[in-house]
4 protein chains.
Amino acid sequence: LPLRLRVRFAETDQMGVAHHSAYIVWLEAARIEWLRERGLDYRTLEEAGVSLAVSAVSVQYGRSSRFDDELTVVAIMTELRSRRVRFRYEVMRDGVRIATAESLHTPVDKGGRSIRLPAMWLEALHAHLVTP
Amino acid sequence: LPLRLRVRFAETDQMGVAHHSAYIVWLEAARIEWLRERGLDYRTLEEAGVSLAVSAVSVQYGRSSRFDDELTVVAIMTELRSRRVRFRYEVMRDGVRIATAESLHTPVDKGGRSIRLPAMWLEALHAHLVTP
Amino acid sequence: LPLRLRVRFAETDQMGVAHHSAYIVWLEAARIEWLRERGLDYRTLEEAGVSLAVSAVSVQYGRSSRFDDELTVVAIMTELRSRRVRFRYEVMRDGVRIATAESLHTPVDKGGRSIRLPAMWLEALHAHLVTP
Amino acid sequence: LPLRLRVRFAETDQMGVAHHSAYIVWLEAARIEWLRERGLDYRTLEEAGVSLAVSAVSVQYGRSSRFDDELTVVAIMTELRSRRVRFRYEVMRDGVRIATAESLHTPVDKGGRSIRLPAMWLEALHAHLVTP
């Protein structure tokens, strides 16, 4: 199941809508839920000294969202290499897409150095790759 | 002068670096300083009922930044139309570029409807357009 | 039901725990859920031009919380006057209280001026007052 | 010199003022500047494995602040023990106090265990204690 969330009051800005930086935080939460749904616990990965550092992110904002809106963030993994992982996202409200996004990730160790994704994760993720 | 800032402790995450969403907030602050330097006060624009809504944003993260790092965010305006404004950014530390970014904006009224940028702003901005 | 949430990665800091400012955002979300559970929609109140401005907040942090922890935030309303509302909170993890907090609110209009809470809200809230 | 800052657009909420959680982040930044002014680098302390964990924080909000307001956050240290440090703050705008706050800190090691503040820090801080 994709991440469901409510727009928090603290996430709004003086334009009366969710601030565009909040979406970046939601994408991350959606990615972590996506992994959990597939039996992969991001906390365990981090504790093993591996992080999926964000090397690029982009968001296209269509309609705005407002305080207390219930949103769903659908994630798919569109690229999987030992040193590069890519996700795409759709932020939905009442079945209507209000934003799309993409993030690119580099597995890194605790020192921030690029490493290969552990084989176990690579294999586990492979079944969930969606090639466009 | 471009925006100078220090990475706040609250902006770090458990990887020990500035969280990638913090950059989005810095870009916005840099854009507002860029306008101010050119005699354009974004608060005044907002009070007149015009906002530069963010319709897209993208960031490429090179090197990470850490708590207390002093960063500079250089902005340039690369596209200027009555219904579309584009900025590009470089986040610098000690003269080294650590991230690049771009944002696309749509002038909107208080109801969030797309409008034309007020002529006064369009003219004032025109002198500062940098075509790539 | 009290608010349940997961600590977001973006809410952690370089100490490896949820940053203390994140709790303030959770308290607000818990307060809004508390109202919703009692048939009071804070969005409707805001749209009617009434806000419960925060005039004071305090948090005592006991144990820290970590990325991906599942937390529950229990709220109770401990004071209710036409110009003052007080809430107390307990942040719980696995049945253990990890933080306590309090917030004090002043009903204000759109201009930020102190007003009396609408009678309908005052009456609806009265049944839920817990005097210590 | 106390911390000077501008209210960021991202820090506003739909009430049109700086969200109350933003103040918590500003207090932290003010505390870190206060230390720096006295020759104490918080980054160095953290790198040595010592953090000043926040064990309590409270804020009284007087007047609100708005986007682009220039604020000053004055900090003083009002208690200094090897296992407890307390700060008080005043958030000022144009010479007028708009909020007051207090934070209580416990020195902890990387595992989050309470430790004694290193003697060097204790001595260096002692000269700056302001007993009420």
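Predicted model: local features only at pLDDT ≥ 70, side-chain atom pairs only at ≥ 80, totals over all residues.
**Entry 1, the strand pairing.** I began with S2(A) and found that five bridges join this strand to strand S2 of chain B, residues 51-61, with the two strands running antiparallel. I then looked up one bridge by residue, and the partner of A:Val57 in S2(B) is B:Val59.

Chain A averages a pLDDT of 97, with 100% of its residues scoring at least 70, and the model as a whole carries an ipTM of 0.97 and a pTM of 0.98.

I looked up how many residues take part, and the contact draws 21 residues from chain A and 21 residues from chain B. The area buried between the two chains comes to about 1,700 Å², and carbon and sulfur atoms give 58% of that. On the chain A side, I find that A:Met15, A:His20 and A:Tyr61 supply 28% of the area that chain A buries against chain B, more than any other three residues.

I searched for salt bridges between chain A and chain B and the count is zero, whereas residue pairs in polar contact between them, both at pLDDT 80 or more, number eight.

I went through the side of chain A that touches chain B by element, and helix H1 (20-37) and strand S2 (51-61) each supply at least two residues to it. S2(A) gives the most to this side, with 10 residues. Sorted by type, I record the residues of this side as 10 nonpolar, eight polar and three charged.

Technical notes
Residues numbered from 1 in each chain as written. Chains lettered and ligands numbered in written order. Heavy atoms only, no water. pLDDT = per-residue confidence, 0-100. Contact = heavy atoms within 4.5 Å. Buried area = accessible area lost by both parts, 1.4 Å probe. Salt bridge = Lys/Arg side-chain N within 4 Å of Asp/Glu carboxyl O. Polar contact = N/O pair within 3.5 Å; in protein donor to acceptor, adjacent residues only side chain to side chain. Helix = DSSP H or I, 4+ residues; strand = E, 2+ residues; numbered from the N terminus. Nonpolar A, V, L, I, M, F, W, Y, C, P; charged D, E, K, R; others polar. Pairing = 2+ DSSP bridges.
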